[in-house]
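I opened the notebook to record what I looked up in this model, entry by entry. The entries follow the order in which I took up each topic.

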Amino acid sequence: MKTIAQIAAELQGYDPQALRADDVNAFLHHLVEPVRATEELPLFSALGRVLARDVVSPVSVPPHDNSAMDGYAFAGAQLVPGQPLTLRVVGTALAGKAWAGTVGAGECVKIMTGAIMPAGLDTVVPQEFTTAAAEGHVTIAPDVLRPGDNRRFKGEDLMEGGVALAQGALLTPAALGLVASLGLPTVTVFRRLRVAYFSTGDEILSLGEPPCEGAVYDSNRYTVFGLLTRLGVEVVDLGVVRDEPAQLEAAFRAAAGRADAIITSGGVSVGEADHTRTMMKQLGDVAFWRIAMRPGRPMAVGRIAGVPSQAKSASSVDTASANSYQNDSNRTPGGAVLFGLPGNPVAVMVTFLAFVRPALLRMMGCSHPAPPLLRATCTEALRKKPGRTEYQRGWVTTAADGTLQVRTTGNQGSGVLSSMVQANGLIVLHHGQGNVAAGDGVDVMMFDGMI
Ligand code: AMP
Ligand code: MG
């Protein structure tokens, strides 16, 4: 378990006041660790969970060579280029049964899709390439297939004893089907990650409160709830917390005592007059960043201790000992990981997608956290300053020629959620990149399946 100072010392060129977006992920990779506890779940309860152990195939799938088509099985060596082949039908192989007879030269077996290939036969001609010949015979048209066609091999999906799915795999619908195809009713998965979140700020109204001048309704808790729920973690909602030290301390303590990670929004920018930053410093080992990005910029990360003891001064924080209370192997050691996000609603979503999501996936034990970037043609010119990463809300479509194209979705202000709602992805304009001309290629991070 490394402290913030140790991680910072190991990262080349680390500057908390001008951090590159790419360096944030590298930092978080060192800060967070996968959960340890595991549980065995029936397959129907395991969707979206992460495998804690390799699934080793107890059988071969398929278990026998079998036919990929309804047709006639025969020995393919009898095919002669340019010539039809007439064969006598000596039996029928049905799916799920072995046909026990023997098949000689000039003979074939009528076969159904999935039926075991009769011994010595290697080729299946689909029904539609044959014509009925004399009574009990079929003729195969010339040059319609090659020896070996339409035979599925034993174990071509999975071989007995092989790793069917590796630890760290996310259990997608396809993965559930794969495990089921092995006849395994349960899987061993990492326990669910638990994430607590709250919003901070005196100007933030909870839903149900009457509107008042200068105040805004809390939207961040709802987007964060949605993002976390889509990720499959257990959520702990701690509401809106007033800018008052005792309330903030109680919220951080409650969050750290109950969850693996804490997500807050607001109160992390330098000019803030509120107590959020102070309390984060006091209760944990926390770095305050200015990230070279837009939207976003201010962010706090670290670990918060949840022990219900007296508040410690910032100078005496010793993360390792402060968290000895968390000896329970079911808990993340070292306290809860803090993601102190900026307050602006779009900045919350962007920093979540760019940084928090990959970090949480790592905590969930998932081995492939980074979402792939796609390349699309930008249909409009975009202004961009080199020296920061920009995330613009985009609408990605497939052009008539089949390539991807993207346009922005209106007002890109960091508080404007309507353009976020209209977007299906983020255009990622990288750190060194400058202006984009209409027709240039840009990278996009799709929301599909994420938000
Ligand atoms: P802050 O980072 O606290 O300075 O907040 C930046 C901006 O985001 C301010 O305009 C806040 O009013 C707004 N904001 C902060 N928290 C929330 C929230 N939970 N819901 C909606 N807007 C928020
Ligand atoms: Mg604020």
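This is a predicted model: local features need pLDDT of at least 70, side-chain atom pairs count only at pLDDT 80 or more; totals for chains, interfaces and linings use all residues.

Entry 1: I started with Arg297, which counts as partly exposed because its relative accessibility is 41%. Its place is the loop between β19 and β20. I looked up the backbone there and found that phi of Arg297 is near 80°, a positive value in a residue other than glycine.

The loop between β19 (284-294) and β20 (298-304) also holds Pro295.

I then went through other backbone entries. Asn150 is not a glycine either, yet has a positive phi of about 65°. I placed Asn150 in the loop between β10 (137-140) and β11 (151-152). Its relative accessible area is 23%, so Asn150 is partly exposed. I also noted a cis peptide bond from Val61 to Pro62, with omega near -10°. Pro62 sits in the loop between β3 and β4 (66-67). For context, I wrote down that most residues other than glycine have a negative phi and that most peptide bonds are trans.

**Entry 2: domains.** I looked up the domain assignment, which lists domain 1 (4-37 + 191-363), domain 2 (41-60 + 156-190), domain 3 (66-152) and domain 4 (374-446). For one pair I took the separation: the C-alpha centres of domain 2 and domain 3 are 35 Å apart.

**Entry 3: an open sheet.** I traced a sheet of 6 strands, which is open and has the order β8-β5-β7-β6-β10-β9 with mixed pairing. At its edges are β8 (123-126) and β9 (130-132), each of which pairs on one side only. Ignoring direction, neighbouring strands of this sheet are turned by 40° against each other on average.

I followed one pairing further. β8 and strand β5 (residues 71-74) are antiparallel and share 4 bridges. Within that pairing, Gly71 has Pro126 in β8 as its bridge partner.

**Entry 4: strand β18.** How many of the residues of strand β18 (residues 261-265) are buried? I found that 5 of its 5 residues are buried, and the strand is mostly covered. I sorted the side chains by direction: Ala261, Ile263 and Ser265 point one way, while Ile262 and Thr264 point the other way. In a regular strand the side chains alternate between the two faces of the sheet.

I then listed pairings of β18. Strand β14 (residues 194-200) runs parallel to β18 and is joined to it by 5 bridges. There, Tyr197 stands opposite Ile263. Strand β21 (residues 336-341) also pairs with β18 in the parallel sense, over 5 bridges. In this case Ile262 stands opposite Leu338 in β21.

**Entry 5: salt bridges.** I counted 13 salt bridges, taking a side-chain nitrogen of Lys or Arg within 4 Å of a carboxyl oxygen of Asp or Glu. I looked at several of them.

Lys2 and Glu10 meet through their side chains at 3.0 Å, N to O. Lys2 has 30% relative accessibility and therefore counts as partly exposed. Glu10 counts as partly exposed as well, because its relative accessibility is 48%.

Arg49 and Glu39 form a salt bridge whose closest N and O atoms are 2.4 Å apart. This pair links distant parts of the chain, with Arg49 in the loop between β2 (38-42) and β3 (55-56) and Glu39 in strand β2, 10 residues apart. Is Arg49 buried or exposed? Its relative accessibility is 11%, so Arg49 counts as buried. Glu39, at a relative accessible area of 31%, is partly exposed.

Arg146 forms a salt bridge with Asp149, and here the closest N and O atoms are 4.0 Å apart. I noted that Arg146 is exposed because its relative accessible area is 59%. I also found Asp218, Arg221 and Asp237 joined into one network by salt bridges that share partners.

**Entry 6: surface residues.** I noted a nonpolar surface patch of Leu207, Tyr217 and Tyr222, which together have about 310 Å² of accessible area. Leu207 belongs to the loop between β15 (204-205) and β16 (216-217).

I ended with His368, in the loop between α8 (345-363) and β22 (374-378). His368 has a relative accessible area of 65%, so it is exposed.

Conventions
Residues are numbered from 1 along each chain as its sequence is written. Chains are lettered from A and ligands numbered from 1 in the order in which they are written. Side-chain values use heavy atoms; hydrogens and water are left out. Patches are made of residues with over 30% relative accessible area and no salt bridge: like charges are joined within 9 Å, nonpolar side chains (Val, Leu, Ile, Met, Phe, Trp, Tyr) within 5 Å. Accessible areas come from the Shrake-Rupley method with a 1.4 Å probe; for residues, only the protein chains shown count as cover. Helices (H or I, at least four residues) and strands (E, at least two) are DSSP runs, numbered from the N terminus. Buried means under 20% relative accessible area, exposed over 50%, partly exposed in between (1.4 Å probe, protein chains only). Two strands pair if DSSP finds at least two bridges between them. Axes are lines fitted to C-alpha atoms, for helices over the stretch in contact, and angles run from 0 to 180 degrees between N-to-C directions. Domain bounds come from an automatic or database domain assignment.
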